[in-house]
Amino acid sequence: MRWVVPEAEHMAEGTLGCQGCGGALSMRLVLKELGQDAVAVLPACCWSIIDGPWPVHALDIPVLHTAFETAAVVATGVKAAKTVQGKDTTVVAWAGDGGTFDIGLQALSGAAERNEDILFICYDNEAYMNTGIQRSSSTPTGTWTTTTPDQRPEARPKKDIMGIIAAHRIPYAATATAAYPEDLERKVQNAVAIKGGMRFLHLLSVCPPGWKMEADQAIEVMRRAVRSKVFPLYEVRNGRDYTITHWPDDLPLEDYFSLQGRFKPLLGNDEMLELVRGNVEERWQTLLARHEASHPASVGSN
Amino acid sequence: MPERLLLTGNHAAAYGAMLARSEVISAYPITPQTMIVELLSELTASGRLDAKFITVESEHSAMAACVGASAAGARAYTATSGQGLALMHEMLHWAVGARLPIVLTNVSRAMAPGWSIWSDQSDILSQRDVGWMMLFAESVQEAQDFIIWMYRVAEQVFLPGMVGMDAFILSHTAEPLIVHDQEAVDEYLPPFEPLYDLDPAQPRAYGGLVNRDHYFELRYKIYENMERAGQLLIDAGEEFGDVLGHKYTPLEGFMLDDAEYVLVSAGAMTSNVRQAVRDLREKGIKAGLLRVIAFRPFPVKQIRRILGGRKKVAVLDRNMSAGHSGIFAEEVRSALHGQSDAPPIYGYVVGIGGRDVRVETAHEVMDDLLERDEPEMALFVGVKGLPIGPLRADYEIRPLEPLEVVR
């Protein structure tokens, strides 16, 4: 399916994002379909910096900065005020993986359970990048970070945030990445269109300095994450109906890992690599089964 | 027409939030505050109060939701107690820095461990330096009225404010309450006009990075506005009398004119201290009472004027700062520092963890005050097995002995 990405830009050039920043690109793409009657809530994350110091502001919607663990609930408060005022403003919580998977999880779960009328977007660069590359519960097995050094790389698998969110049975949740912009824009459209409840987007967002890779490979790396089934693209409606939106093509995992220096410990450890391969395949099969259960007649079609 | 009802302090607070036309209320249950949010839930569910009620998953989130709502231009209210106020701490700072006039009621209770739900000022006084205005209620009527008074000032200085009321002694005790006429409250408290409201037509960023070139000035403005709040509390308290029938002041004196010995107190225990002062006057002792209502901003100049020239001052603290003294005593001492006619300040620590502070307790304090020559930082009243006095002189640090295991 082709989808035209709108040409209009809603983010200023020259932000403080690093070269090849997936978080900055994700924001730029999301704003294209978000609409102008919107407010963003930013907890502590790379975007606390990227937006610029006062009086600079890179977006053409208002931004309320807030404390690390509060994105979902501050967005809830903003939405409550807008509702009381009779306004239909879209309120977005925009958080990194730390502010979503870790410190922000309690408020996120609360908002999801209450089915708050907000759009929560996690741009996931798989570690605490703003503080200088420390592991989070989003960091995948075998990864180097400054707190999981080469001698003791990340041992645990990445937390299944989509599974956690789906368990709250919110109206809409989807994964996406800036490497597939048409898919991403369509999901933003879907999320904005479903009003009256909680919507969640999980955006894999490359971090060239933290992933130890060349900035000009940013798009390629995110694309390979999808092709190798490490980060499948799909959406979940009401926590039950799964739809795979882009079919991977069996790209070997090594082709994804080898572009990134952070996976050096993994590539040198056959046992760990096989463990990861098993986990990726197991998660894919689970997703596939859910997709097939939701779409009995159209298995394998694109 | 105003109504006269028999209500608890908790229900009075809920009526205060309703009369103030709070627009977004967000709260989490905690004893002994819970009745406030229960009643507010009913009032919003029935439509009697046109507000959005958010049942969040923690007190930290309760304050965060208020921050979001207030930043978007709504009048926001919450209520909490003890551990809940402590959990809010980070977001209490946020409300100040973001200049959001949120009002909260804190039903003051002791901090754990051990678990204690009983009256104690430690929770609220632990938030002394966050930059919130703080009022201490003594009656059910004040538990309601101070919310309205607080919003009136908070929305002029764009600083948040909290109203403290004592666990159970006020929160669960029914007293006659005048529920003001809504139109009169509306006249006193106009609709909230926010500094900013996250209007998409004005895409600005709030609360982001500030360089060293600017942060100091932002904090200076907070200090400046807290100073302004001192006079505004007086003005708004006066106006409360004109419009709603009862004048409020940051400090309240009782039999102070010729008093040689002044007892300083805050909160509900003041009622018993006041009775003790009456008794003492009958005995011919020139006693008086100074009740501290506004703790932040602290009425330093007025306290210097009122307490200057007295023979002795006893400050009653239902709290203590370990390593120093009771916190009210500390503040009063600091206010009087360097004043040539400053009286000696005797700090008394009473009623920790809800231990009763009776009329008799105030008498014990006065007996000790009359007898004692030198002031002490913290004189403990009612510790089992010990007379009123400072720390045990023979106290030595010993390793804890292992408990005998009973099988």
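## How the terms are used

Two residues are in contact if their C-beta atoms, placed from the backbone, lie within 7 Å. Helices (H or I, at least four residues) and strands (E, at least two) are DSSP runs, numbered from the N terminus.

This is a predicted model, in which local features need pLDDT of at least 70 and side-chain atom pairs count only at pLDDT 80 or more, while totals for chains, interfaces and linings use all residues. Residues are numbered from 1 along each chain as its sequence is written, and chains are lettered from A and ligands numbered from 1 in the order in which they are written.

## Helix H8 of chain B

Let's start with H8(B), which covers residues 215-244. At Gln231(B) the helix bends by about 30 degrees (the angle between axes fitted to the seven residues ending there and the seven starting there). After the helix comes Gly245(B), with a positive phi near 95 degrees.

Several residues of H8(B) are buried, including Ala229(B), Gly230(B), Leu233(B) and Phe240(B) (20 or more other C-beta atoms within 10 Å of the residue's own). The buried residues of H8(B) pack against strand E6 (133-136), helix H6 (140-157), helix H7 (182-188) and strand E13 (294-296) of chain B.

## Where the chains meet

Chain A brings 37 residues to the contact and chain B brings 36 residues. On the chain A side, H3(A) gives the most, with 11 residues.

Within E9(B), Tyr206(B) is the bridge partner of Leu64(A).

Methods: The expected span of a helix is 1.5 Å times one less than its number of residues. A residue is buried if 20 or more other C-beta atoms lie within 10 Å of its own, exposed if 12 or fewer, and partly exposed in between; C-beta atoms are placed from the backbone. Two strands pair if DSSP finds at least two bridges between them.
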